[in-house]
Amino acid sequence: MNLIEKVMQSQQLNKAEIVEILLGDYSGLANAADAVRKRYVGDEVHLRGLIEFSNHCKQNCCYCGLRCANREVDRYRLSPEEIVAEAKLAKELGYRTIVMQSGEDDSFSVDKMTAILKQIKAMDVAITLSIGEKTYEEYKAYKEAGADRYLLRIETTDQSLYHKLNPGMRFENRVRCLEDLQRLGYEVGSGCLIGLPGQTLESIAEDILFFKEFPLDMVGLGPFIPNPATPLADCESGNLELSLKVIALIRLLMPDINIPATTAMETLDKTARFRALQGGANVIMPNVTSLSYRKKYQLYPGKSGIDDTPQKSRAVICEKVLALGRKISEGYGFRKNK
């Protein structure tokens, strides 16, 4: 029995076995992941409308274009009325989940955020938040106001690398946040960057084991893409094929979770998001942020689809999903076995 057959039967691998698979051929791994995806989560692709409502951030992560030390960013912050209007547009376009994403912007108080969440929840949609590290009490208030999911990427579980790339942040607090979210009943998502400077295959294997052991409901990842306005400007981009391998392997180890095909991959290769769908992924998050703001939310350069209107973004993705023989989900996209 080879390692792919082993993981398909047991959903278990150790670190050395994960590294061995990551060093191997992608095609067989992708085929196995696609079969497992079909068996456990079906052919539906969940589309989630993404609203990037603020690019202000108090953190200073070395890989992120929104880092507070980057003076080249044209900062913006949507008003509550603008956020609700974009959510309404997303609902009209057919999205059943709204993803609200921002930098860590403390100007959105708990009262302001919960008021926004209540208005959006009244539209009969699921809500995913991706707004960073908060207290247990803040997460609780968001949940009570209507938030269903929370995405907080760990980026790397290599603590030495984490603290080097995230100055002023604590790995332990990141984990505490994920644990608080799980205790509060959120569907919890995390993920990592592939190809960070100093990252090894062994540390990626540790990331994968962390995701499984937590356990998470969603795992999102993509290749590291250097931003010229960050300390990592001169570093090489992450490897796309390795990113695709990690997606496929996570599908084999965690067969019923949700796995997005991320925009970052498509920035390196225009076919990458749809290759990811053929290798285990089942979620796409099209951007519904208005164009005037979208171009200012630059985590990395060359972001795919940055000039597409919300209507075009959805139409293009739907056409390609259907061309793969997959279906557009009409549900909220909750994890089936949650």
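This is a predicted model: local features need pLDDT of at least 70, side-chain atom pairs count only at pLDDT 80 or more; totals for chains, interfaces and linings use all residues.
As background, nonpolar side chains in soluble globular proteins tend to be buried together. Which residues does Ile 250 touch, not counting residues up to four places away in sequence? The list is Ile 208, Phe 211, Val 219, Leu 221, Ile 257 and Ile 259.

Now to the strands. Please find S5, residues 187-194. How many of the eight residues of S5 are buried? Eight of the eight are, and the strand is mostly covered. Remember that in a regular strand the side chains alternate between the two faces of the sheet. In S5, both faces are covered: on one side Glu 187, Gly 189, Gly 191 and Leu 193 are buried, and on the other Val 188, Ser 190, Cys 192 and Ile 194 are buried too.

S5 has partners. Strand S4, residues 149-151, pairs with S5 in the parallel sense over three bridges, and Arg 149 has Glu 187 as its bridge partner in S5. Strand S6, residues 218-223, also runs parallel to S5, and six bridges join these two. As for S6 itself, six of its six residues are buried, so the strand is largely enclosed by the rest of the structure.

Buried or exposed, what would you say for Phe 210? Phe 210 is buried, because its relative accessible area is 17% and the cut-off for buried is under 20%. Setting aside neighbours within four places in sequence, Phe 210 is in contact with Ile 154, Thr 157, Val 175 and Leu 178.

Carry on past H9 and you reach Pro 215, in the loop between H9 and S6. A cis peptide bond joins Phe 214 to Pro 215, with omega about -10°. In general, most peptide bonds are trans, and most residues other than glycine have a negative phi. Two residues here have a positive phi without being glycine: Asp 124, with phi near 65°, and Glu 155, with phi about 70°. Asp 124 lies in the loop between helix H5 and strand S3 and is partly exposed, at 43% relative accessible area. Glu 155 lies in the loop between S4 and helix H7, and at 10% relative accessibility Glu 155 counts as buried.

On to the rings. The count comes to eight aromatic pairs. One of them is Tyr 162 with Phe 171, an edge-to-face pair at 5.4 Å centre to centre and 80° between the planes. Both partners are covered: Tyr 162 is buried at 1% relative accessible area, and Phe 171 is buried at 8%. Elsewhere, ring pairs link Tyr 139, Tyr 150 and Tyr 186 into a cluster. Tyr 186 also has Lys 143 over its face, at 5.8 Å from the ring centre. Likewise, the charged end of Lys 112 sits over the ring of Phe 108, 5.3 Å from the centre.

Last stop: Pro 228, in the loop between S6 and H10. Pro 228 counts as exposed, at 62% relative accessibility. Leaving out neighbours within four places in sequence, Pro 228 is in contact with Ala 233 and Pro 301. The C-alpha atoms of Pro 228 and Gly 65 are separated by 8.2 Å, although these residues are 163 apart along the chain.

Definitions and conventions:
Residues are numbered from 1 along each chain as its sequence is written. Side-chain values use heavy atoms; hydrogens and water are left out. Buried means under 20% relative accessible area, exposed over 50%, partly exposed in between (1.4 Å probe, protein chains only). Contact means heavy atoms within 4.5 Å. Rings of Phe, Tyr and Trp (its six-membered ring) pair if their centres lie within 6.5 Å; planes under 30 degrees apart count as stacked, over 60 as edge-to-face and the rest as tilted. A charge sits over a ring if NZ of Lys or CZ of Arg is within 6 Å of the ring centre and within 35 degrees of the ring normal. Helices (H or I, at least four residues) and strands (E, at least two) are DSSP runs, numbered from the N terminus. Two strands pair if DSSP finds at least two bridges between them.
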